[in-house]
Amino acid sequence: MTGARRPPVRRALACGLAAAALLLGGCVYLRLLELKLQLDQFDRHFAVETGEGLALTCLSPTLRADDVRWIGLRPESVRADGRDEHWHVRWVKELPPGVTEPGVHDLALDLGFTAGRLSRLAVPEKYFALMPKEFVTAIIRSVGRGRVDQAGRSLATTLAESDLAAARPRLAAIGQLLGAPSERRIEGTETMMRYRYRPATPEPGAEVFEMLLHFDTASGELLRWRARTPVGNLAFDFTRRRATK
């Protein structure tokens, strides 16, 4: 058919993902899709504060409290303040049998809800002594550009090195920040470190959250970061180089 205008690629992609979400069943998938599309237009839908820690404000809140619980973020404590609700979320790190380490290396963050929808996410300042805030912000932005694998329940994205060369944390810094890994091994020219965490909440059936970080052994550069969550997997690739002319 000549003269007909093809729909924009972005619109076609959104329609395809929406159809896939409906097939999966449950409105939570549609809200997750909406969040992903918002992340693709990050500056329009989010505000970032870096004064004390890193805080992300959702200007167009979409996820509900039950959605967040379903994802695997369960509060250790909840504080109500009028129509707002504040959650403190903590994961306890698992160490191999017989291994101990000084200090506490659990993961924690704070979530805020307004009228039952997620409106704020805050990461404490202590995590940024060795990991730049620009690095975390770039990872969050990249989710909007990620490729969704419906069958594999995963999202993968590649970050440009031109954006992260100065901010990417190295092997030594991650080791200091997260402490001893649950597993560490050499795979060819790479060092893999695995970290496993369980929710601090004593709810039955609480599932493990796992991170796998791959580093170049010689340089210490972070190459890939993968996360296994109760509802799917995330993969971030930092190995792309600038295009050469």
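This is a predicted model: local features need pLDDT of at least 70, side-chain atom pairs count only at pLDDT 80 or more; totals for chains, interfaces and linings use all residues.

Where is H105 found? H105 sits in the loop that connects strand 4 and strand 5.

Is H105 buried or exposed? Its relative accessible area is 17%, and the cut-off for burial is under 20%, so H105 counts as buried. As for its surroundings, once neighbours within four places in sequence are set aside, H105 is in contact with K93, Q176, L177, L178, G179 and Y197. With L177 there is also a polar approach: a polar atom of the H105 side chain lies 3.3 Å from the backbone oxygen of L177.

The loop between strand 4 (84-94) and strand 5 (107-114) also holds P97. P97 has a relative accessibility of 82% and therefore counts as exposed. P97 and S182 are 85 residues apart in sequence, while their C-alpha atoms are 9.3 Å apart in space.

Let me turn to helix 5. This helix spans residues 133-143, and because eight of its 11 residues are buried, helix 5 is largely enclosed by the rest of the structure. The buried residues are K133, F135, V136, T137, A138, I139, S142 and V143.

Finally, the protein as a whole. Its secondary structure comprises seven helices and 13 strands. Of its 245 residues, 42% are buried. Among contacts between residues at least 6 apart in sequence, 51% join residues at least 24 apart. The accessible surface comes to about 13,900 Å², and carbon and sulfur atoms account for 55% of that surface.

Thank you for your attention.

Conventions
Residues are numbered from 1 along each chain as its sequence is written. Side-chain values use heavy atoms; hydrogens and water are left out. Buried means under 20% relative accessible area, exposed over 50%, partly exposed in between (1.4 Å probe, protein chains only). Helices (H or I, at least four residues) and strands (E, at least two) are DSSP runs, numbered from the N terminus. A polar contact is a pair of N or O atoms within 3.5 Å; within protein, one must be able to donate a hydrogen and the other to accept it, and residues adjacent in sequence count only if both atoms are side-chain atoms. Contact means heavy atoms within 4.5 Å. Accessible areas come from the Shrake-Rupley method with a 1.4 Å probe; for residues, only the protein chains shown count as cover.
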